[in-house]
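Here is a short report on one protein chain. Take a look at the sequence and the model first, then read on.

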Amino acid sequence: MSSGVETPERLPALRLLASVVFPDDVVSVQLPDEECAAPLDFIDDAHALVATIFDAPRAERSIDGQHEICVLARVVQRMQMPGGGCQVVFQGVARARVVDLEDDGNIRWAHIVQVEPDSEEIDEDQSRAVLRVLDLLTDYLQKDGTYPEDLENILRMNLESTGRFADMVAAYLHLPLPVKREVATTVDSAERLDMLRRSIEAELARFTIETDIHKRVRDQIEDRQREQYLRQQMKAIRRELGDEGSPDEDGDKLAEQMRTAGLSAEAREIVERELRRLRSISPSSAEYHVIRNYVSWVMELPWKKRTRDRLDISRARKILHEQHSGLDKVKERIVEHLAVKKLNRKARGSILCLVGPPGVGKTTLGRSVAKSLGRKFVRMSVGGLRDEAEIKGHRRTYVGAMPGKVIQLLKRAGVRNPVLQIDEIDKMGSDHRGDPASAVLEVLDPECNAAFRDHYLDVGFDLSDVFFLVTANVLDSIPSALRDRLEIVRIGGYTQREKLAIARTHLVPRAIKENGLREDAVRFTSGGLERIIEGHTREAGLRELERTLKKICRKVATRWVEGNEELVRVGKQRVSDFLGAPRYKPDLAGRCAEVGVATGLAWTAYGGTLLSIEANRMVGKGDIVVTGQLGDVMKESARAAMSFVRAHASEFDIDSAEFARYDIHIHFPEGATPKDGPSAGVAIATCLASLFTGRAVRHDLAMTGEITLKGKVLEVGGIKEKLLAAHRAGIRTVLIPQDNVKDLEEVPEEVRKELIVVATDDVEQNICEALLNIVVPKHGTSLAEVSEQAPLQVAKEKNAKQRN
């Protein structure tokens with residue numbers, strides 16, 4: 001090669017999708033972290049392979065025998081950037097041909113062969129091509145003033161080699177990236193010169209077109225100025241003739257609309273000022289339409305129009321009970337709001353925030369509230385919203401500016417007191433465009449929304465009559481200042497009995513109707529619905545249940561279309577025929593007590609769930625390994641539980657030397673699911689106590705609670721959701737912290753009756769309840785063997801007697 005560098009046969013390959021390196025050229029490139037960490041770590045200051053390709057999709061294909069040209073480059077400098085990624089300076093060396101690409105998982109390697117360097121001799125044809133490109137460059141650089149004045153002289157000093165000249169022209173000119181890639185991957189210098197000639201000619205043609213367009217625009221502006229001058233003369237003539245009282249037709253129409261719009265004093269003053277400006281501007285002017293659109297928005301808002309509230313408590317209760325089963329706490333809160341409104345019409349109600357897992361009816365509840373109040377209903381979702389202007393509108397200085405979503409919804413409702421539901425308020429974000437949570441705070445705060453000022457309207461609008469209803473899955477992601485304005489109403493989920501009632505009254509009729517069936521085409525029995533709920537769905541809400549019912553209705557619809565129009569009774573057996581084997585086991589059949597296996601309870605955004613915990617030990621040095629995608633809080637809980645068991649080893653008849661002889665591995669299955677939160681400490685301690693005592697943990701028992709090093713059980717959240725999850729899974733006994741007894745009032749009565757709930761404030765008492773008195777073999781013990789066994793009686797009582 002022209003550089004005289006010996007080329008290795010196998011080099012790390014680096015794909016540059018936004019830059020091009022030419023031989024003998026120095027280029028600075030910013031690369032992402034993954035590109036910096038893998039290929040560049042293998043470079044030993046010899047060469048870095050830069051593969052310039054035409055587009056990203058092609059970059060991911062294999063070579064498949066076809067030859068690709070790349071550029072060998074030397075890494076001159078590499079610097080880590082503060083915001084991530086790195087800045088790398090490459091010096092091009094020579095072109096090479098890629099024979100094959102291989103990927104070892106961390107880095108892509110290229111097998112290359114050398115390419116013959118450009119000839120130093122210039123024949124007559126090449127000389128003419130170079131002169132043609134130089135002539136075009138002279139014209140191009142004169143029209144584009146962004147290049148240095150001495151660039152042409154620099155290029156003329158490198159005419160000894162046509163290849164070197166072509167590479168320098170491609171490197172210095174602001175040509176499109178595909179053109180630069182094509183030049184870089186072309187070996188023949190004559191072809192490179194021809195590519196540059198065509199590209200520069202195209203750029204010159206573009207300059208000509210742009211010059212023509214600028215001239216036309218300038219002429220149009222001069223014509224508009226002339227037109228405006230003539231219109232001013234016409235107005236002067238009208239005044240001389242006494243016709244100045246003739247109003248503009250559009251202005252008259254808007255003025256008449258203003259008189260009946262019921263505007264506030266501030267809005268009326270602004271509209272009158274804008275109408276005066278409108279009459280003095282030509283209808284063909286762009287500003288005319290901006291003002292016209294603004295005035296229309298202001299006058300079409302419901303400044304005075306409102307619906308009359310229907311404050312009938314009995315009617316509201318009936319509507320809520322008909323459209324929603326369960327949710328008694330939410331219904332009662334809405335009825336209380338109506339009662340207060342009936343006694344004090346000017347009372348400002350709280351802003352309800354319904355928090356619960358998906359599918360429990362938070363969104364649909366808003367329609368029922370609107371119907372019970374006799375108000376219009378509108379809703380907006382702020383999930384993923386990052387731009388404050390979506391809430392408060394864009395300022396009129398921007399092209400295409402519009403009011404925010406709140407004003408748009410009020411215009412759509414046509415009244416100033418609708419029920420406005422804001423969904424997914426916990427999923428808002430923020431970036432350089434502002435913080436939407438602050439804008440929502442201004443909308444919801446009763447002290448601020450009486451004079452809410454949208455950026456587009458720039459006039460106060462009273463939102464105090466709007467009934468705001470907010471929904472969320474979790475509270476942690478809602479900013480504290482915003483959460484302080486909300487009255488939190490938690491919806492934990494539905495029991496089996498509530499799901500059965502909702503399926504009969506709501507879901508089944510809806511599924512039949514949406515699938516085009518008659519009411520007498522399919523009939524779901526109570527046993528069939530129970531089988532679907534217990535065996536094919538396991539969720540806090542109803543969405544999976546509704547999808548399953550629609551699936552069965554689709555199969556029935558297919559039978560009808562094929563000519564079989566008999567009534568289909570969906571009982572327990574028919575459910576298996578339509579849906580196959582149950583996806584979930586509704587009871588404890590097949591489960592057994594095991595050593596080192598405990599069941600905890602966890603709360604998630606989708607409701608409560610069971611948390612399986614396993615522990616094993618092997619000969620080692622006393623190390624602890626915790627796996628299962630755990631957060632820092634759960635890792636600390638595991639270490640605290642281990643410390644507690646070690647500190648109380650004598651009370652559990654555990655040889656303290658075993659902790660030094662064995663390594664402990666604590667694992668949380670379902671490793672793909674991230675887990676964190678302060679509620680698994682008791683379960684981990686029980687699991688470890690079972691492992692070292694050799695006694696199994698009751699398989700029909702689940703527990704929740706966080707522990708201290710002194711053995712106290714701390715209060716946790718989500719008790720209702722956790723107990724519902726345990727009930728769905730067939731758990732019989734649940735251990736909860738003593739301080740959480742107050743939360744049992746929120747648990748449905750049928751769940752409390754079917755579960756044995758034991759409240760404790762001491763870890764040892766939890767372990768007494770959870771462990772069995774028998775030593776279980778490695779393979780486990782069946783349900784029949786452990787059903788009559790009493791809990792483990794630890795040595796705590798014996799030690800207490802000795803102390804006494």
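Does Tyr294 count as buried or exposed? Tyr294 counts as buried, because its relative accessibility is 1%. Buried means under 20% relative accessible area, exposed means over 50%, and partly exposed lies in between (1.4 Å probe, protein chains only).

## Ground rules

This is a predicted model, in which local features need pLDDT of at least 70, side-chain atom pairs count only at pLDDT 80 or more, and totals for chains, interfaces and linings use all residues. Residues are numbered from 1 along each chain as its sequence is written, and side-chain values use heavy atoms, with hydrogens and water left out.

## The chain overall

The chain has 804 residues, and 48% of them count as buried. Its secondary structure comes to 29 helices and 26 strands. These are DSSP runs numbered from the N terminus: helices are H or I with at least four residues, strands are E with at least two.

The chain exposes about 41,100 Å², and carbon and sulfur atoms supply 48% of that area. Accessible areas come from the Shrake-Rupley method with a 1.4 Å probe; for residues, only the protein chains shown count as cover. Among contacts with a separation of 6 or more, 75% join residues 24 or more positions apart. Contact means heavy atoms within 4.5 Å.

The largest nonpolar core has 59 residues. Such a core is a set of buried Ala, Val, Leu, Ile, Met, Phe, Trp, Tyr and Cys residues joined through side-chain atoms within 4.5 Å. Ile425 and Leu444 have the most contacts inside this core. Helix H10 (residues 286-300) gives the largest share of this core, 7 residues. Leaving aside neighbours within four places in sequence, Leu444 touches several residues, including Ile351, Ile422, Ile425 and Phe468.

A second, separate core has 49 residues, among them Leu354, Ala511, Leu529 and Val568. Leu529 is also one of the buried residues of helix H19 (residues 526-535). What do the buried residues of H19 pack against? They pack against helix H18 (496-514), strand S14 (522-524), helix H20 (543-561), strand S15 (568-570) and helix H21 (572-579).

## Aromatic pairs

The count comes to 4 aromatic pairs. Rings of Phe, Tyr and Trp (its six-membered ring) pair if their centres lie within 6.5 Å; planes under 30 degrees apart count as stacked, over 60 as edge-to-face and the rest as tilted. Tyr140 and Phe207 form a tilted pair, 5.7 Å centre to centre with 50° between the planes. Tyr140 lies in helix H3 (residues 124-143) and Phe207 in helix H7, so the pair ties together parts 67 residues apart in sequence. Both Tyr140 and Phe207 are buried.

Tyr294 and Tyr456 form an edge-to-face pair, at 5.8 Å centre to centre and 65° between the planes. Tyr294 lies in helix H10, while Tyr456 lies in the loop between strand S10 (452-453) and strand S11 (460-461), 162 residues apart. Tyr456 is buried, because its relative accessible area is 3%.

## Salt bridges

The structure holds 39 salt bridges. A salt bridge is a side-chain nitrogen of Lys or Arg within 4 Å of a carboxyl oxygen of Asp or Glu. Glu266 and Arg453 meet in one, at 3.0 Å from N to O. That pair links distant parts of the chain: Glu266 is in helix H9 (residues 265-279), Arg453 in strand S10, 187 residues apart. Asp445 and Arg485 form another, at 3.1 Å. Asp445 is buried at 8% relative accessible area, whereas Arg485 is partly exposed at 31%. Shared partners join Arg132, Asp194, Arg197, Arg198 and Glu201 into one network.

## Along helix H7

Arg206 and Glu210 both lie in helix H7, 4 residues apart, about one turn of the helix. They form a salt bridge, with the closest N and O atoms 2.8 Å apart.

Val217 also lies in helix H7 (residues 189-241). With Ile209, Ile213 and Ile221, Val217 forms a nonpolar surface patch, with about 340 Å² of accessible area together. Patches are made of residues with over 30% relative accessible area and no salt bridge; like charges are joined within 9 Å, nonpolar side chains (Val, Leu, Ile, Met, Phe, Trp, Tyr) within 5 Å. Val217 counts as partly exposed, at 39% relative accessibility.
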